[in-house]
Amino acid sequence: MLAVLSPGQGSQKPGFLTPWLDLTGTEARLREWSALAGVDLLHLGTDADADEIKDTARTQPLLVAAALLAAEHLPLDGVGLTAGHSVGELGAAALAGVLSADAAITLAGVRGREMAAACALEPTGMAAVLGGDPDEVIAAIEANGLYPANRNGAGQIVAAGALDGLDKLAAAPPARTRIIRLQVAGAFHTPYMAPAETALAVEAAGITPADPARTLLSNLDGTAVDDGAAMVQRLVRQVTAPVRWDLCMRTLADLGVTGVIELPPAGTLAGLVKRELKGDGAPEIVTLNTPDDLPAARDLIARIGGRS
């Protein structure tokens, strides 16, 4: 089985969409989606600097647009599974047929704006805890009044919450760990994002989803979801719920995935998969960042593609 993965916030790079403008229709598509997202996706993907695309309200629809834009140039009939990390789940849901591309972009715009607004309510943040015993790391995170917002596998758990709690965690880290403060606006995937979840639920209520046409994994628990309405509910809930990417990767292994394509801006999820799924059964991976990578992605689909 071949899986297509859609990355989340933090994977963006200045100018990463510039090479895609050489493909016919790209600029028109980005302008069309900009109207739905409420931000200038063409500018953000080409001319904007790192600080501008770090803004949650701008980054989230930009990432979903990038994934869907690249996927339009792939033979998706040969793709058996889709999954996304955090906001990348909206892109994955569209590729699975649960959402239209327009609906995914619209939801990403609302999600980004509302999460940015929630971040402004009180000072919070996030920090990556690398290494250590997972149970000890979780215990230390919770002992400091924080939340395990992302469990990314490959020895990486992200703590989120009040800044003083993050300071305490950094001052007395769990054994054999390294802590890196993340440059984000607030504590994503925690109860601090409750106002954003409420706002996204209102927007999502106006969408009529379809059931997935291919296997679609959920960040909530790594399971495959076969009901479109249930997936939309999970997408809303995911704003305040932890991202269990570790469980998504476990499901990739359980389902016997042998090929992975990460959509642009690619690299982060491919790295996690490479570190987690090792050995004889390790999947072949293609990182799709520019149109020059399309032949390799199409070749992988031709060789490994097929639905399960």
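Residues are numbered from 1 along each chain as its sequence is written, and side-chain values use heavy atoms, without hydrogens and water. In this predicted model, local features need pLDDT of at least 70 and side-chain atom pairs count only at pLDDT 80 or more, while totals for chains, interfaces and linings use all residues.

**View 1. The largest pocket has a volume of about 650 Å³.** On a 1 Å grid over the protein atoms alone, a pocket is an open set of points with protein on both sides within 12 Å along at least five of seven lines, and lining residues have an atom within 4 Å of a point. Of the 28 lining residues, Gln9, Gly10, Ser11, Asn150 and Leu182 lie nearest the centre. The element α11 contributes the most to this lining, with four residues. Helices (H or I, at least four residues) and strands (E, at least two) are DSSP runs, numbered from the N terminus.

View 2. A cavity is a set of grid points where a 1.4 Å probe fits but cannot get out. One cavity of 30 Å³ or more is counted. Its lining consists of Ser86, Val87, Glu89, Leu90, Arg111, Leu200, Leu235 and Gln238.

**View 3. Proline 14 lies in the loop between β1 (2-6) and α1 (26-37).** Beyond its neighbours within four places in sequence, proline 14 is in contact with Ala48, Asp49, Ala50 and Ile53 (contact means heavy atoms within 4.5 Å). The C-alpha atoms of proline 14 and aspartate 47 are separated by 7.2 Å, although these residues are 33 residues apart along the chain.

Methods. Points joined across faces, edges and corners; volume = space filled by probe spheres on them.
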